[in-house]
Amino acid sequence: MPPERILIVDDEESVRAVAAALLQQSGYATTTIESAEEAIARLQQDPDYDLVLSDVMMPGTDGLTLLDQICTDHPGMPVVMLSAVKDFHVVTNAFRRGAIDYLLKPFERAELESIVMRAIEHGRLRKQNAIYRQNLESIVSARTGRLRSTMQDLERSYDITLEAMGDALDLRDEETEGHSRRVTAYTIALAQAMGVEAEELRIIARGAFLHDIGKIATPDNILLKPGRLNDEEMAIMKQHCERGYEMVRKIPFLREAAEIVYAHQERFDGNGYPRGLRGEDIPLGARIFAIADSLDAMTSDRPYRKGTTFAAATEEVVRCVGRQFDPRIVEVFLAIPGETWAALRAEAEKPAPSVRSISLCSPAVAQSRQGG
């Protein structure tokens, strides 16, 4: 191992010579400097010293100022102060400003060796601690990256599960194929225009996609009835909101989205179902979804009618503002160019869509039935 290097700074040549001789006899490599200014310049060129021994009182820049400079430019480098003055306030000030130890002149060899040995060991431990912290930060960063990747994979697997759930509903009701995929695209676009943050946007997208999942429990003779439903059949159909909520809320990562499933048929004026919620008591995602759902219902073909244009559907949304729809959200809806909705519809109807894009807040997914 190469010898530890010590920089000795003192304006008295005799002190420098004695300290250097004693330390060299103990196996250290020494460099002597006569001023703080010269020491600062030397350390800038060659900072690889294990210890600095510096006098306190020197012409020009004093030892305490040198100490401050070393602590700033070379944090972790140990500094021992030398002084012929036994002044408690000077000693305290030196320690407060970062000195490792304080040695009074004249000093004995054993005392010098003992202090130097402790100071160098202190510096060595500082370096080891710094290396340990750097390694620890690297380990934490690497593991955080792996954890983030694992969470992203888990989220993708969640969304694949959602896709399967949507496909299950798709297999039952071909009449409204692609509805959930389209309303999810519309809902995302409207929520983004409102400035909804990414995490809430994912929740809203999932709620929009799964809004009709409760219809899986609706009897075929009602779900697949080609004509209009009678009052008794409609009452059964309306149960899909609560049934969907009970299904989805049991899945931890969908618990918040379940609230949108539960409330997606509520109206702003309180005349919706199943709970008759009014105004802002309706979750924001459900209020946004209400417009997207109606937009798709009006512009989609049904066996008993032809879909209308987006312009005509927009007029109907305006007509129902304050009753079915939140006026604040309608205002944002009207600021979005009409051609945006047609473009989103075309994108959502491309072959082999994947619900996995919901987690990235992109247009996505599956399907629905009458009642929206």
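How many nonpolar, polar and charged residues are in the lining of the largest cavity? The lining has five nonpolar residues, one polar residue and four charged residues.

**View 1. The largest cavity and its lining in the predicted model.** The space in the largest cavity amounts to about 40 Å³. Its lining is made by Glu266, Arg267, Phe268, Ile282, Ala286, Arg287, Ala290, Gln324, Phe325 and Asp326. Charged members of this lining number four, beside five nonpolar and one polar. The model holds three cavities of 30 Å³ or more.

**View 2. The second largest pocket, with a space of about 480 Å³.** Among the 23 residues that line this pocket, Glu4, Asp50, Ile120, Arg124 and Lys127 are the closest to its centre. Helix α5, which covers residues 109-172, gives the most to the lining, with eight residues. By class, the lining of the second largest pocket comprises 12 nonpolar, three polar and eight charged residues.

**View 3. The packing of helix α6 against helix α7.** Two packed helices are described by the angle between their axes and the distance between the axes. Helix α6 spans residues 179-193 and helix α7 spans residues 198-209; their axes come within 8 Å and cross at roughly 155°. Angles over 145 degrees count as roughly antiparallel, and α6 and α7 are therefore roughly antiparallel to each other. Their crossing is right-handed. On the side of α6, the residues in contact are Ser180, Val183, Thr184, Thr187, Ile188, Ala191 and Gln192, and these meet Leu201, Ile204, Ala205, Ala208 and Phe209 of α7. This contact has eight nonpolar residues and four polar residues, with no charged residues.

**View 4. The packing of helix α6 against helix α15.** Helix α6 also takes part in a crossing with helix α15 (residues 338-348), where the axes come within 9 Å and the angle is roughly 135°. That angle makes α6 oblique to α15. The crossing of these two helices is right-handed. Arg181, Arg182, Ala185, Tyr186, Ala189 and Leu190 of α6 make the contact with Trp341, Leu344, Arg345 and Ala348 of α15. In the contact of α6 with α15 there are seven nonpolar and three charged residues, and no polar residues.

**View 5. The packing of helix α12 against helix α13.** The axes of helix α12 (residues 284-299) and helix α13 (residues 310-319) come within 9 Å, and they cross at roughly 135°. Helices α12 and α13 are therefore oblique to each other. The crossing in which α12 passes α13 is right-handed. Helix α12 contributes Ile291, Leu295, Met298 and Thr299 to the contact, while α13 contributes Phe310, Ala313, Glu316 and Val317. These residues divide into six nonpolar, one polar and one charged.

**View 6. The cis peptide bond from Lys105 to Pro106.** Most peptide bonds are trans. The bond from Lys105 to Pro106 is cis, with an omega near -5°. Pro106 is located in the loop between strand β5 (101-104) and helix α5. Helix α5 is also the element that gives the most to the lining of the second largest pocket.

**View 7. The cis peptide bond between Tyr273 and Pro274.** Tyr273 and Pro274 are joined by a cis peptide bond with an omega of about 10°. The loop that holds Pro274 lies between helix α11 (255-263) and helix α12.

Terms used
Residues are numbered from 1 along each chain as its sequence is written. This is a predicted model: local features need pLDDT of at least 70, side-chain atom pairs count only at pLDDT 80 or more; totals for chains, interfaces and linings use all residues. Side-chain values use heavy atoms; hydrogens and water are left out. On a 1 Å grid over the protein atoms alone, a cavity is a set of points where a 1.4 Å probe fits but cannot get out, and a pocket is an open set with protein on both sides within 12 Å along at least five of seven lines; lining residues have an atom within 4 Å of a point. Grid points are joined across faces, edges and corners, and a volume is the space filled by probe spheres set on the points. Helices (H or I, at least four residues) and strands (E, at least two) are DSSP runs, numbered from the N terminus. Ala, Val, Leu, Ile, Met, Phe, Trp, Tyr, Cys and Pro count as nonpolar, Asp, Glu, Lys and Arg as charged, and the others, Gly among them, as polar. Axes are lines fitted to C-alpha atoms, for helices over the stretch in contact, and angles run from 0 to 180 degrees between N-to-C directions. Angles under 35 degrees count as roughly parallel, over 145 as roughly antiparallel, 65 to 115 as roughly perpendicular and the rest as oblique. A crossing is left-handed if the near helix is turned anticlockwise from the far one by less than a right angle, and right-handed if clockwise. Contact means heavy atoms within 4.5 Å.
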